Amino acid sequence: MTSESGGPRCERGAGDAAEHPAPTDSDPLRRFAGIWCRAVHPLAATTMTPEAFEEYLLPLAHRLSAALRSSPFDTEAAYGVGAALVDAQCTEPEALPAILGVIDAHLVSCSTPAAPARQPSAEPGHEPPADEEARARCVRLQHALAAGFVRELRKRERDEQAAISRAALAARTEAEKALHTSEAKFQAVFEGAVIGVGIAGLDGEVLVVNDAMARMFGGMDFFRPGRNVTEFVHPDDVPGAHELYRELVSGERDHFRIEKPHYRDDGSELWTNLTVTLLRDSSGAPQYQLALAEDITEHRRLRERLRYEATHDELTGLPNRPLFLERLDQVLAAGDDADRFGVCYLDLDGFKAVNDSLGHIVGDRLLKAVAERLQGCVNAPAELIARVGGDEFLALVTGPAAQADGAALARRMLAALAEPVRVEGRELRVRASIGVVDGRAGEIGRAEVLRSADITMYRAKAAGGNRYEIADADSNARVIARHSLTNGLPSALEKGEFFIEYQPLVRLTDGTVRGAEALVRWLHPVHGVLGPDQFIPLAEDTGLIVPLGRWVLEQAARQAREWRDADDEGGEPLRVNVNLSPCQLSHPTLVSDTVAVLENAGLCPSALCLEVTENDLIGADESALRPLRQLADLGVDIALDDFGTGYSNLSYLRRLPVSTLKLDRSFTRGMQRAPADPVDVKIVEGIVSLAHTLDLAVTVEGVETAVQAEHLRGLGCDTGQGWYYARPGPPERLHTLALADAS
């Protein structure tokens, strides 16, 4: 047995847990370890979690408990526990008092059996001591633990100081060795570096360069004595390069890095990635400048090639859309003193037919020939031609006379395309439509420029093509409004924004109301009430005319039924006229939809008249006329609207399933005042005679004066409509008018 104050240290740490099996949660020493952990862990520098730290403390608690109850009493175990706590990084100054405090407060109670009667010890020599003796032993164990803790801490400090001393000695030795070989190493690095290295004085005179630098510039002769770095200027130097150099040699900056071009003595060009660093002496004063140069000539060429491919059309070699937009953005972002700009948007007329009929190979060759001709129209550095789509090209001009220059460029392009293009033995004629837009930077944005050019180009195409048009704000506004209306059409029908007004059809013989024409209106939330001429063409273009036309037919049939029900005298029922569009005429459900509408409204077919324009029936074959024949056979009247505006042969009327001709107002304007235009009178007289010969009724549109109505009555016209009788209005007004006329 060793003494309490000295002797060899026993094995320490959590490894002793094998001698002390893990107790259950009811074990008093488990509670002691938990209390110990909660008191010490927050103060320790250990990386263990609280749970792991508690497990680490548990075998140490067993060792202290065993030492407390040992016979004869020995404090050596406490020395080992103190050392083990240092191993667990419980080395903070506040940790040791907390360690000893827990032992002082809880070790005796947690090591004493809880049973009221003293039981014989399970192992000889481990009988629990009396309370006073246990407290005295506990104090001695605390002293021993503290001594072991301090001894281990001092040992660790000595070991660390020794390691620091060894490291300092090794570093000093290496520094001395490096000092002796630094010059040789520098020379080896300088000569063996794969990048160019050069040193110059603050005055710019080149002092020394390595072989890599000399090879970049074509040989050491390039750096002949007296050569100064200020001579290495190039037109493509980045802006501010000279200022960077001035700041370096003056000590205002320590280094700079740029991509810089150089001319070799043979005139060839070298591109380098150049880094220049200021070298200072021991006092910090500028002394030399060190240049590191990497040859990036090939990399630069590759990068330029990739940019060219990314910004030019693969087929034609012209700039592409991204490059054109980049240039346009640069022009639009210029300051207030910027010149004006002009944009020409060119689209080939009928190019799709070339691809569809002759194939894409011929189409591509045609596009290449067109691109060459358009590129030949550029005669100034400020002009740019780009291919931005399949057969679409954009041109940009800048300068104070941009509008005139843009129009002149458009004329040159049309002239260049006037001669046929020969492709694979074929002569192909090329036509193009061009929209020209001009403006000033800051007044218009990119999106607005392109939209205006696109709108103007389509205006040129609508005017027949093979021409150019200048952008016009009013025309653009109309196109934009048309687009807005087109977008709003689908939801307008769902929201119930459409309504119908009725214009009376009056018998010319007695002035009574024969019926009415249903005229659809759109109560637009922004533009107010719109007439059919403002949205019916849009509905036809979008296909919405079919559901809209069915809705109008349903509303008109329902209204005709209401008129009939309101007629208490049981007179001739009022007939309702509904217009049919070309889309409705060709729709396969026209007949079935009309029959269903009549049945749902409980309306007789003879109370419905469908109006079809003359132009819609010109050249129609029998299959196109079949739906109208079926409706006519059911008893529905068919009226030929706008008669006289088309180019049909009058004999063609004999095979049409129509019962009424609606004479266009242009034939009767000469009858609005007396005396009537004799030519108009003869024309109308002939049409009425022909119609009655074919057993057709004649309705005249646009009756505006009493004189006109009297002339038409005398010529034998059957019915008329116009502002002379009534403007289009709500359905109830028509019934009131009919009753007044009947009376």
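A residue counts as exposed when its relative accessible area is over 50% and as buried when that area is under 20%, with partly exposed in between. Asp695, at 69% relative accessibility, is therefore exposed. This residue belongs to the loop between H21 and strand E20 (697-700), and its phi is positive, about 65°, although Asp695 is not a glycine. The structure in which it sits is a predicted model, and the account below moves from the whole protein to individual sites.

The mean pLDDT of the protein is 84, and 88% of its residues reach 70 or more.

The protein contains 23 helices and 21 strands. Of its 743 residues, 43% count as buried. Among contacts between residues at least 6 apart in sequence, 66% join residues at least 24 apart.

The largest nonpolar core comprises 72 residues, and Val578, Leu610 and Val684 have the most contacts inside it. Helix H16 (residues 545-566) gives the most to this core, contributing 8 residues. Beyond its neighbours within four places in sequence, Leu610 is in contact with residues including Leu553, Val578, Leu580, Leu631 and Ile638. Asp637 is also among the contacts of Leu610. Apart from this core lies another, of 41 residues, among them Leu29, Tyr56, Phe73 and Ala134.

Helix H7 (residues 241-249) shows how burial can be arranged along a helix. Its buried residues are Ala241, Leu244, Tyr245, Glu247 and Leu248. Seen down the axis of H7, these residues fall within an arc of 165°, so they line one face of the helix. The elements that cover them include strand E3 (255-263), strand E4 (269-280) and strand E5 (286-295). After H7 comes Gly251, which has a positive phi near 85°.

Burial also occurs in a loop. Gln721 is located between strand E21 (719-720) and helix H23 (731-742). Its relative accessibility is 3%, and Gln721 therefore counts as buried. What surrounds this side chain? Leaving aside neighbours within four places in sequence, the contacts of Gln721 include Gln503, Pro504 and Leu505, together with Glu517, Lys662 and Thr699. With Lys662, the side chain of Gln721 makes a polar contact of 2.7 Å.

Ser71 and Pro72 are joined by a cis peptide bond, with omega about 0°, and Pro72 is placed in the loop between helix H2 (50-68) and helix H3 (76-87). A cis peptide bond also joins Ala674 and Pro675, where omega is about -5°. Pro675 is part of the loop between strand E19 (660-663) and helix H21 (678-693).

Glu424 has a positive phi of about 50°, although it is not a glycine. This residue lies in the loop between strand E9 (421-423) and strand E10 (426-428). Its relative accessible area is 46%, so Glu424 counts as partly exposed.

Terms used
Residues numbered from 1 in each chain as written. Predicted model: local features only at pLDDT ≥ 70, side-chain atom pairs only at ≥ 80, totals over all residues. Heavy atoms only, no water. pLDDT = per-residue confidence, 0-100. Core = buried A, V, L, I, M, F, W, Y, C linked by side-chain atoms within 4.5 Å. Buried < 20%, exposed > 50% of the residue type's maximum accessible area, 1.4 Å probe, protein only. Helix = DSSP H or I, 4+ residues; strand = E, 2+ residues; numbered from the N terminus. Contact = heavy atoms within 4.5 Å. Polar contact = N/O pair within 3.5 Å; in protein donor to acceptor, adjacent residues only side chain to side chain. Arc of directions from axis to C-beta.
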